[in-house]
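Here is a short note for a colleague who has not seen this structure before.

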Amino acid sequence: MKKKYSYILPTLLALAVALGIFIGGKLHFNDTPERLFSTNSKKDKLNRLIDYIDYEYVDDIDTDSIVDVTVNNILGKLDPHSVYIPRSEMEAVSENMKGDFVGIGIRFNMYRDTLTVVRTIEKGPSAKKGLKSGDKILMADNDTLFGKRIPNTILVDKLKGNSGTKVKLKVYRKSEDRFFDVTVKRDVVPIKSVDANFMLTNDLGYIRINRFAESTFKEFKKALVDIEQQGADKLVLDLRDNPGGYLGIAEKMADEFLKDGKLILFTKNKKGKINKAYATSKGSFENKPVYVLINERSASASEIIAGALQDNDIGTIVGRRSFGKGLVQREMDLGDGSAVRLTVSRYYTPTGRSIQKAYDKGHKDYYQKFMDRYNSGELVSVDSIKVADSLKFVTPKGKVVYGGGGIIPDVFVPIGSLDEERIESLDSSGFFSDFVFKFLEKDRNRFANYPQKEFVEEYRVDDIIFERFIDYLLNGGIKLDFYGNETRIKSFLKANIAEQLYSPNLASKIKSTQDKMLKRVLKIDVSVMNAMDEAMIRSKD
């Protein structure tokens, strides 16, 4: 027996030592025996609660919805930009950030219970097959696409699908009073982030960007080359209402304007690790005048570009103070098709300023600060913008800039009148588009052979259409000073007709004639050119 025990004892001692080392590594002075040997970690507690509800609770409960609420509540304790993306929304969010989707390439409305093409996407599958604005798609394979109670989500699902698959459409074309069948092969359809690019003057180009998706830089470069070929050696980069997107895309775009080695931004994470992003020699628009347009809804990646150029004394920032988002998120998969975008670092402009506004008093207060800008008068007067001397920074050329709460522009342009802003809102909400669609549906043949150039130069929205639009808005309970804003309203109506007949780019060009911020840029540009001419004359003298 002694021999047997003498064999076991060293083994037990060895196990005891190993266990002691393991437990010692886990021990903290505040640990209790219950905590030390319990598996009730934070994660286990949540998992057990969900399991108890699943298996023991008296009523049937959708525990997925409980998990969603729990995740949102947890993130609600963090910063306002750490967000949860449910599985049901992931596809749409991913498509938006990727910059494309698979479908047949149309924009449609339900007109009198029938799916009607508003316009086809340029070079998309439907455009290649000859579909036109006003075409009514009645069937997709064996599925009916007309009827009162068919949600848009169902209609979209019928038309979308895997790339390369085909769908047989039954179409009615009112202008020719005929039915016909056409088979369309689904393909990748771009979701454009470059809304418009055209020439404002003989040498001043314009590019408007609505977000920073995967495809944005490629679209931007193409637009930049396009306007340069038309003679642009100066640029207006419009980032108004742009909520941001991928950090890396913003860095690439800023690189186009900054010389090799110039700091674009730096980020700092929880552990204090700093990563710096520098411009390279790849920039194609260096040493050329650039005007960056921002407003109170320009955020994140938009502010990175504005801040990088301003801090490097490049270009002119025009508009109103930007939103004030200086946090960087990373999307993390949660394993069930959902994801969380979690803030992982802060970013700083080249001078070292953070433009993130405070969020320590909660989400409600955070977004209320944004609304307070309307009440404080800062959207009307630059003198109403509150700045802190403690957040003052100086650029290499001695320009004073401020951190905290957004990018303050070099040239301030006040917000428009209440009616002007309401007209903008009506346009972005689709009121103009809906009215124009119905107007065109009554007589598309009127514009069937209208050349684009003649439309731009000669077509005028007459008083009859104007009065009908007033009735349309009044029937919807919308009132404003219609006649005091007649020129603006008619311009927006013409722009929406142009969009549905020709292209969104042409619509933007027509609207630009009523754009106060662009008018200010043109004045600045003329002043700069005059000053340069005077300087050249003096140097010759």
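1. Helices and strands are counted here as DSSP runs, a helix having at least four residues and a strand at least two, with numbering from the N terminus. On that basis the chain has 18 helices and 21 strands. Please keep in mind that this is a predicted model.

2. The chain has 541 residues, and 41% of these count as buried. Among contacts with a separation of 6 or more, 67% are between residues 24 or more positions apart.

3. Side chains of opposite charge can pair when their charged atoms come close. How many salt bridges does a search of the whole structure find? The count is 36.

4. Asp238 and Arg208 form a salt bridge through their side chains, at 2.9 Å from N to O. Asp238 belongs to strand β12 (residues 234–238) and Arg208 to strand β11 (residues 204–209); the two residues are 30 residues apart, and the pair links distant parts of the chain. Both Asp238 and Arg208 are buried.

5. A salt bridge also joins the side chains of Lys399 and Asp410, with an N to O distance of 3.4 Å. Lys399 sits in the loop between β19 (392–394) and β20 (400–402), while Asp410 sits in the loop between β20 and β21 (411–412), so this bridge ties together parts 11 residues apart in sequence. Is Lys399 buried or partly exposed? Its relative accessible area is 24%, so Lys399 is partly exposed. Asp410 is partly exposed as well, with a value of 31%.

6. The side chains of Lys511 and Asp427 meet at 2.6 Å, N to O, in another salt bridge. Lys511 has a relative accessibility of 23% and counts as partly exposed. Asp427 has a relative accessible area of 13%; the cut-off for buried is under 20%, so Asp427 is buried.

Key
Residues are numbered from 1 along each chain as its sequence is written. This is a predicted model: local features need pLDDT of at least 70, side-chain atom pairs count only at pLDDT 80 or more; totals for chains, interfaces and linings use all residues. Side-chain values use heavy atoms; hydrogens and water are left out. A salt bridge is a side-chain nitrogen of Lys or Arg within 4 Å of a carboxyl oxygen of Asp or Glu. Buried means under 20% relative accessible area, exposed over 50%, partly exposed in between (1.4 Å probe, protein chains only). Contact means heavy atoms within 4.5 Å.
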